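Colleague: I have not looked at this one before. Can you walk me through it?
Modeller: Here it is.

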Amino acid sequence: MKQTDNPFKQLVELNYKMAQSAALQPSAAVGTVVSPPPEIKIRYHGFILDKENLWIDEYWLQGHTRTHKGHIVSATQYQAGRQR
């Protein structure tokens, strides 16, 4: 891999191929940030996507803090004594 290659290119291509074989739209892509949040704009394949067309995980936003404290148990976490 050349140093100038996009490190996410192979991951996105794999995702795209998997989506094509399942007749689904790709779920991830790489674009260029034109304007940061809160009025975010992303250039992607010649289009400018704005905040109305994007979903951004809140962990990526500056100033985000967790609202839950202590031990957090997920719904998919193994629970002793329960059969899967």
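Colleague: Which residue in strand 2 stands opposite Val 33?
Modeller: Ile 42 in strand 2 stands opposite Val 33. This is a predicted model in which local features need pLDDT of at least 70, side-chain atom pairs count only at pLDDT 80 or more, and totals for chains, interfaces and linings use all residues. Residues are numbered from 1 along each chain as its sequence is written, and side-chain values use heavy atoms, with hydrogens and water left out.

Colleague: What is the secondary structure of the protein chain?
Modeller: The protein chain has 1 helix and 3 strands, in the pattern α-β-β-β along the sequence. Helices (H or I, at least four residues) and strands (E, at least two) are DSSP runs, numbered from the N terminus.

Colleague: How many bridges are there between strand 1 and strand 2?
Modeller: Strand 1 and strand 2 pair over 3 bridges in the antiparallel sense. Two strands count as paired if DSSP finds at least two bridges between them. These two strands form a hairpin, with 5 residues between them.

Colleague: And how many join strand 2 to strand 3?
Modeller: Strand 2 (residues 41-44) is joined to strand 3 by 4 bridges, and the two run antiparallel. Arg 43 has Ile 48 in strand 3 as its bridge partner.

Colleague: In what order do the strands form the sheet?
Modeller: The 3 strands form an open sheet in the order 1-2-3, with antiparallel pairing. Strand 1 (32-35) and strand 3 (47-50) are the edge strands, each pairing on one side only.

Colleague: Changing topic, which residues make the nonpolar surface patch?
Modeller: Phe 8, Leu 11 and Val 30 make a nonpolar patch of about 300 Å². Patch residues have over 30% relative accessible area and no salt bridge; like charges are joined within 9 Å, nonpolar side chains (Val, Leu, Ile, Met, Phe, Trp, Tyr) within 5 Å. A salt bridge is a side-chain nitrogen of Lys or Arg within 4 Å of a carboxyl oxygen of Asp or Glu. Areas come from the Shrake-Rupley method with a 1.4 Å probe, and for residues only the protein chains shown count as cover.

Colleague: Where does Val 30 lie?
Modeller: Val 30 is in the loop between helix 1 (9-21) and strand 1. Val 30 is partly exposed, with a relative accessible area of 40%; buried means under 20%, exposed over 50%, and partly exposed in between (1.4 Å probe, protein chains only).

Colleague: Which element has the lowest mean pLDDT?
Modeller: Helix 1 has the lowest (78), and strand 1 has the highest (93). pLDDT is the predictor's confidence in each residue, from 0 to 100.
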